[in-house]
Amino acid sequence: MAKAKTWTLTDVKRNRYVEELFLGHDELGIPDCTIAKRRLSGGLADGIDLVSINNGELSFSVLPTRGMGIWKGSFRGVPLGWKSPINGPVHPNLVNLQERGGLGWLYGFDELMCRCGLDSMGAPGKDVVLDNNGNKSEVDLTLHGKIANLPASKVEIEADPETKAVTVTGEVEESAMFCPGLKLKTRISTTPLSNRLKIEDEIINLKGVPSEMEILYHCNFGEPFLGEGSRLLAPVKEMAPRDGHAAKGVQTYDVYQGPTPGYTEQVFFYTLHADPLSGKTISALKNKAGDRAIAVRYSPEQLPHFTQWKNTIPINDGYVTGLEPGTAYPNPKQTERERGRVKMIPAGGSLKYELDIEVYTGEAEVKKLEGEIRAISGGRLSKIHSQPNPKF
Amino acid sequence: MAKAKTWTLTDVKRNRYVEELFLGHDELGIPDCTIAKRRLSGGLADGIDLVSINNGELSFSVLPTRGMGIWKGSFRGVPLGWKSPINGPVHPNLVNLQERGGLGWLYGFDELMCRCGLDSMGAPGKDVVLDNNGNKSEVDLTLHGKIANLPASKVEIEADPETKAVTVTGEVEESAMFCPGLKLKTRISTTPLSNRLKIEDEIINLKGVPSEMEILYHCNFGEPFLGEGSRLLAPVKEMAPRDGHAAKGVQTYDVYQGPTPGYTEQVFFYTLHADPLSGKTISALKNKAGDRAIAVRYSPEQLPHFTQWKNTIPINDGYVTGLEPGTAYPNPKQTERERGRVKMIPAGGSLKYELDIEVYTGEAEVKKLEGEIRAISGGRLSKIHSQPNPKF
Amino acid sequence: MAKAKTWTLTDVKRNRYVEELFLGHDELGIPDCTIAKRRLSGGLADGIDLVSINNGELSFSVLPTRGMGIWKGSFRGVPLGWKSPINGPVHPNLVNLQERGGLGWLYGFDELMCRCGLDSMGAPGKDVVLDNNGNKSEVDLTLHGKIANLPASKVEIEADPETKAVTVTGEVEESAMFCPGLKLKTRISTTPLSNRLKIEDEIINLKGVPSEMEILYHCNFGEPFLGEGSRLLAPVKEMAPRDGHAAKGVQTYDVYQGPTPGYTEQVFFYTLHADPLSGKTISALKNKAGDRAIAVRYSPEQLPHFTQWKNTIPINDGYVTGLEPGTAYPNPKQTERERGRVKMIPAGGSLKYELDIEVYTGEAEVKKLEGEIRAISGGRLSKIHSQPNPKF
């Protein structure tokens with residue numbers, strides 16, 4: 001059995017760093033696949049490391065410098081992702097999370113997929129933490145936490161001749177003395193000609209004491225998957241609008257508008273049915289013509305709380321929808337803690353999360369996906385709340 | 001007709017970046033002119049891009065990394081600019097605008113000319129903005145806004161054999177989702193052996209909704225133009241001191257002291273007369289001997305509000321005066337909004353601003369400038385308020 | 001008499017910067033000594049300059065990018081320093097001092113020795129400063145001030161064939177208009193096969209007006225010097241616990257626990273006796289076996305206030321003790337000002353501080369050190385307060 005080949009791109013502990021690298025399928029030993037690593041220069045991107053993976057059909061880029069998020073992608077020439085009103089990717093050096101009343105995270109936000117967390121995520125809000133003296137101290141938590149603005153300390157490429165998988169691995173620490181100490185270990189992989197990229201995360205509590213944790217996978221899709229008449233596909237178990245404003249749109253929660261000046265975001269909170277055999281669920285965005293869909297597949301046991309973010313504002317302002325599986329909803333952390341949705345990890349312990357992003361093109365493929373999602377529901381009912389519900 | 005030659009230094013979208021470049025007059029095709037581009041390393045300047053233009057008489061450097069500000073200059077060997085108490089230029093990575101009660105901007109401030117704006121400028125203060133939910137949210141605006149601490153996403157050199165102009169062009173975006181979206185497009189140019197550099201700015205509202213905008217050109221001059229007995233020359237239409245402290249100096253508003261320990265800045269707000277034909281005005285700083293002057297020339301229709309900042313503190317603390325044409329006065333944005341001085345740009349619309357900085361040496365040249373400024377007034381009266389006036 | 005050789009690593013004013021350099025003993029002209037300079041890439045360390053000095057027995061690394069702190073060291077293969085829960089060194093670009101209620105400094109803290117100061121140090125707290133208008137303005141001072149997160153503007157290597165000293169010199173400015181203007185000039189040196197590194201600092205008030213100043217040398221030691229049964233050795237003149245929590249540990253102030261889950265830091269404030277002849281004092285950490293000790297030697301006239309930080313939390317959380325001579329105690333600056341412990345430096349004036357860090361191995365050497373510390377006390381009494389004392 002052949003062993004996987006590995007290439008180290010970054011290893012701060014061992015003082016290793018590769019500025020530029022290209023691996024063709026010969027070097028990888030994997031047909032159809034290539035990997036390119038560059039360091040960007042100039043503008044807001046100056047100093048960002050970018051790793052681009054291409055499997056012959058699907059290509060996507062990983063940002064080690066932004067917490068191993070996934071920046072852009074394309075499938076058979078069709079762009080995934082969306083058009084953020086920033087000229088990214090944006091180096092964390094230039095993001096001040098405390099800006100604009102704790103919304104500074106937005107100044108770096110343009111990814112196809114970024115993680116929110118790990119100590120906290122969701123809307124900004126006050127929280128009480130213990131300081132170095134063990135005293136309660138009030139702090140301002142900023143939007144969506146720190147992890148998307150932390151550079152990875154270790155990045156490697158793996159090519160496994162057995163499984164044909166090419167993988168980018170990364171480690172990111174969100175840690176400091178007297179502060180939470182959480183480490184993300186991620187494996188982001190694909191296989192030749194696949195329509196899928198797989199994210200496998202482990203979140204480790206580095207501390208000698210138990211630690212809180214929140215994570216949300218902020219998966220963001222724009223044109224051409226999103227457009228007027230696009231639909232959310234999901235095996236809905238229960239849903240409630242986030243607030244009174246979203247409640248106004250509850251009748252059409254699964255249908256999207258085109259770019260709409262003056263539109264204000266509507267957010268819906270869900271639980272989804274899981275397939276009894278695989279334990280997995282799927283939520284997807286399908287275009288109006290029914291010939292394009294993009295899906296996220298994961299286990300509701302790991303990520304029980306699903307958030308749909310409808311943000312059909314004008315194209316230049318950021319026309320996008322977020323399909324966001326998480327350990328909690330993106331309410332302020334205090335709210336999530338009260339509702340029992342903040343995870344605890346024991347000292348030295350860890351939690352694992354998996355998420356696939358899949359692309360479907362052609363009516364036949366899209367219909368097959370729809371069938372699969374229907375089968376997950378298996379005739380089970382959806383409970384739709386017309387008003388915000390304290391359970392969510 | 002020969003076409004202008006262009007060289008791209010930075011283009012984040014196309015992943016182009018030139019670390020170092022020297023263009024002599026042969027390459028530019030423009031006599032007497034050279035352009036050099038470097039990337040600085042070490043200290044607070046680490047990673048800063050610097051573009052130096054020399055026309056044979058006048059030389060100046062542009063900072064793409066600091067919002068296309070103008071760092072230093074010299075004319076026939078005489079330094080323009082001033083001596084800031086920092087060892088700059090300072091990379092925005094190391095500037096926290098929220099520091100010291102919203103005065104963090106000062107930790108990067110050492111330019112000959114930097115722009116204040118674009119969403120806001122002036123003194124720090126509370127403001128109310130709409131958040132992602134369309135709800136009113138109170139934020140702390142920081143001193144002089146963001147634009148001087150944002151790197152350009154696109155930078156080019158142009159050499160036009162027709163006009164003999166050498167130009168540095170730049171684009172800087174102050175933009176994020178749910179935040180203002182303003183783009184600065186600037187052209188900074190000079191011609192062989194000229195005593196003048198020309199700034200041509202266009203500010204574009206990238207958003208699908210109308211947007212507020214403020215800009216102020218913070219032009220800063222020290223020795224040898226500033227000294228004991230130096231004078232402000234300007235076709236004053238109306239003037240009022242900013243506050244009670246400035247009011248004490250209203251009798252000598254146009255005369256400068258030498259470096260003075262214990263001096264506290266005095267600020268005066270003006271409107272200036274414009275030349276009826278050209279629509280332009282001039283404000284200038286003349287030394288005591290009358291053989292050196294530095295002037296800013298612009299249209300009061302574009303920039304109706306002129307601020308004079310007298311800051312004759314000791315040399316090492318930052319002996320300087322600011323001649324500052326703007327769309328508003330540098331009061332907190334809320335004040336300027338109440339007084340009707342915050343601009344609105346329609347969705348996709350833009351506004352244009354032009355500003356020349358000119359250097360005069362020798363008594364004859366300086367006298368000619370004085371005559372030109374007198375001619376702009378054309379005998380029209382100046383109204384000097386001895387106390388702060390609510391109109392300003 | 002041979003002149004010292006010098007090599008410039010960084011000089012922002014003269015636009016000089018050396019990315020990588022190795023100097024062997026031949027080049028230095030000093031036996032047994034080598035110096036290596038590198039620039040780190042990747043992770044939180046991206047862009048950090050590191051200067052490593054080795055004298056044949058003792059090696060240590062200096063961080064010009066982090067205010068000329070001392071990152072790590074080792075003596076005869078035994079590591080000095082400690083294990084911080086961050087993957088450092090951390091570039092100041094990625095440290096937001098205002099984070100987590102003013103405790104953001106912790107996100108960069110992993111040095112063997114870092115300076116706290118220079119305008120302020122100690123716990124976060126409100127303070128009142130004068131703004132540009134000479135008006136009182138309330139600001140939030142952040143933990144331990146700015147100096148450890150400011151890059152040096154000038155760095156040189158010196159090798160002196162006369163004294164056999166190899167020295168890294170650095171200059172760091174903590175300065176901006178309308179803000180304090182303090183410059184640190186440091187010389188960090190050692191000699192062949194010595195067990196000692198010497199820090200010689202000068203702090204200059206760059207301003208034209210008198211200026212406040214605080215400095216504390218945060219010297220941090222972990223395993224194998226720190227362990228269960230390790231002891232503080234110091235010629236104690238007077239001591240008081242910082243707070244009620246520390247008071248509980250006053251009986252065992254000089255003895256350390258092993259890594260202890262749930263431990264909360266205990267801090268003790270001291271004055272120390274000085275040797276009447278040399279004017280110096282020593283505080284040291286000795287391991288239980290009595291065969292290893294690490295000491296700081298300095299003049300209590302320069303640094304009258306000594307703080308002991310006991311932080312015997314689990315290894316992964318940051319098992320460490322701080323021996324911290326300072327011009328004041330690390331209380332909020334307002335407290336220190338009230339108690340008369342904030343220094344004033346006249347306009348253009350300066351203050352000097354010296355500190356040696358020394359390593360002792362083997363019972364004989366350690367006993368000799370103990371004897372030297374006993375001799376400093378010379379039978380003079382120690383006054384131990386069992387409760388916090390308003391004097392400290």
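**Exercise 1.** What radius of gyration would a compact globule of 392 residues have, and what value does chain A have?

Solution. The model is predicted. Start from the chain length: for 392 residues, a compact globule would have a radius of gyration near 21 Å. Chain A has 20 Å, which agrees with that expectation. Next, take the extent of the C-alpha trace, which spans about 60 × 55 × 45 Å along the principal axes of chain A. Last, turn to burial: 64% of the 392 residues in chain A are buried, where buried means under 20% relative accessible area.

**Exercise 2.** Describe the secondary structure, contacts and surface of chain A.

Solution. Chain A holds six helices and 26 strands. Then consider the contacts with a separation of 6 or more: residues 24 or more positions apart account for 66% of them in chain A. For the surface, chain A exposes about 14000 Å², and 49% of this comes from carbon and sulfur atoms. For the charges, chain A has 47 positive and 49 negative ones, and their mean positions lie 3 Å apart.

**Exercise 3.** Work out how chain A and chain B are related, and whether they meet through the same or different surfaces.

Solution. Superpose the copies: a rotation of 120° with 0.0 Å of shift along its axis brings chain A onto chain B, with an RMSD of 0.0 Å. The two copies are therefore related as by a three-fold rotation axis. Within chain A, Asn93(A) is the residue that comes closest to the rotation axis, with its C-alpha at 3.1 Å. Now compare the interface residues: only 8% of those of chain A are also interface residues in chain B, so the copies meet through different surfaces.

Terms used. Residues are numbered from 1 along each chain as its sequence is written. Chains are lettered from A and ligands numbered from 1 in the order in which they are written. This is a predicted model: local features need pLDDT of at least 70, side-chain atom pairs count only at pLDDT 80 or more; totals for chains, interfaces and linings use all residues. Side-chain values use heavy atoms; hydrogens and water are left out. Helices (H or I, at least four residues) and strands (E, at least two) are DSSP runs, numbered from the N terminus. The radius of gyration is taken over C-alpha atoms; the globule rule is 2.2 Å times the number of residues to the power 0.38. Buried means under 20% relative accessible area, exposed over 50%, partly exposed in between (1.4 Å probe, protein chains only). Contact means heavy atoms within 4.5 Å. Accessible areas come from the Shrake-Rupley method with a 1.4 Å probe; for residues, only the protein chains shown count as cover. Lys and Arg count as positive and Asp and Glu as negative; His and the chain ends are not counted. The place of a charge is taken as NZ of Lys, CZ of Arg, CG of Asp or CD of Glu. Copies are superposed by least squares on the C-alpha atoms of residues with pLDDT of at least 70 in both.
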